[in-house]
Amino acid sequence: MTRSPLLMSLRDLPQRACARIAAIVPHAMPDAVAQRLEELGFVPGETIRVVARGPFGGEPIAVQVGFTRFALRRAEAERVMIDSASVRGA
């Protein structure tokens with residue numbers, strides 16, 4: 001019996017933690033933001049790390065995918081689902 005991964009939003013990943021991207025979940029069809037995230041390299045299997053969070057409400061969220069850093073709003077980060085079993089270094 002195989003277990004399906006428990007997913008959590010990138011928004012909930014603690015600062016300095018790393019995890020593996022499981023999926024990009026669109027909020028509507030079509031979702032230009034979800035499509036753009038995939039075009040930028042937010043694809044299943046990639047490792048993502050939360051570098052920093054903004055001081056007011058934790059926005060924006062600075063993340064690193066590969067060697068590239070991005071600043072995401074909470075609404076954008078909610079589209080990135082990560083495998084909670086892959087979380088390390090919180």
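A note on the model: it is predicted, so local features need pLDDT of at least 70, side-chain atom pairs count only at pLDDT 80 or more, and totals for chains, interfaces and linings use all residues. Residues are numbered from 1 along each chain as its sequence is written, and side-chain values use heavy atoms, with hydrogens and water left out.

View 1. Reading from the N terminus, the order is β-β-α-β-β-β-α-β. Helices (H or I, at least four residues) and strands (E, at least two) are DSSP runs, numbered from the N terminus. The C-alpha trace spans about 45 × 35 × 25 Å along its principal axes. A compact globule of 90 residues would have a radius of gyration near 12 Å, and the protein agrees with its 12 Å; the radius is taken over C-alpha atoms, and the globule rule is 2.2 Å times the number of residues to the power 0.38.

View 2. Of the 90 residues, 34% are buried. Buried means under 20% relative accessible area, exposed means over 50%, and partly exposed is in between (1.4 Å probe, protein chains only). The accessible surface comes to about 5600 Å², with 55% of it belonging to carbon and sulfur atoms; these areas come from the Shrake-Rupley method with a 1.4 Å probe, and for residues only the protein chains shown count as cover. Take the contacts (heavy atoms within 4.5 Å) between residues at least 6 apart in sequence: 67% of them join residues at least 24 apart.

**View 3. Phe-42 and Phe-70, an aromatic pair.** A search of the whole structure turns up one aromatic pair. Phe-42 and Phe-70 make a tilted pair, 5.0 Å centre to centre with 55 degrees between the planes. Phe-42 is in the loop between α1 (32–39) and β3 (47–53), while Phe-70 is in strand β5 (residues 68–72), 28 residues apart, so the pair links distant parts of the chain. For the terms: rings of Phe, Tyr and Trp (its six-membered ring) pair if their centres lie within 6.5 Å; planes under 30 degrees apart count as stacked, over 60 as edge-to-face and the rest as tilted. Both Phe-42 and Phe-70 are buried. Thr-68 is also in strand β5, and is partly exposed, with a relative accessible area of 40%.

**View 4. Two cis peptide bonds, at Pro-30 and Pro-60.** Most residues other than glycine have a negative phi, and most peptide bonds are trans. Back at Pro-30, the bond from Met-29 is cis, with omega about -10 degrees. The bond from Glu-59 to Pro-60 is cis too, with omega near 0 degrees. Pro-60 lies in the loop between β3 and β4 (61–65) and is partly exposed at 42% relative accessible area. Leaving out residues up to four places away in sequence, Pro-60 touches Ala-52, Arg-53, Gly-54, Ala-71 and Leu-72. Its C-alpha is 5.0 Å from that of Arg-73, 13 residues apart in sequence.

**View 5. Arg-16, a non-glycine residue with positive phi.** Its phi is about 70 degrees. Arg-16 sits in the loop between β1 (7–9) and β2, and counts as exposed at 57% relative accessibility.
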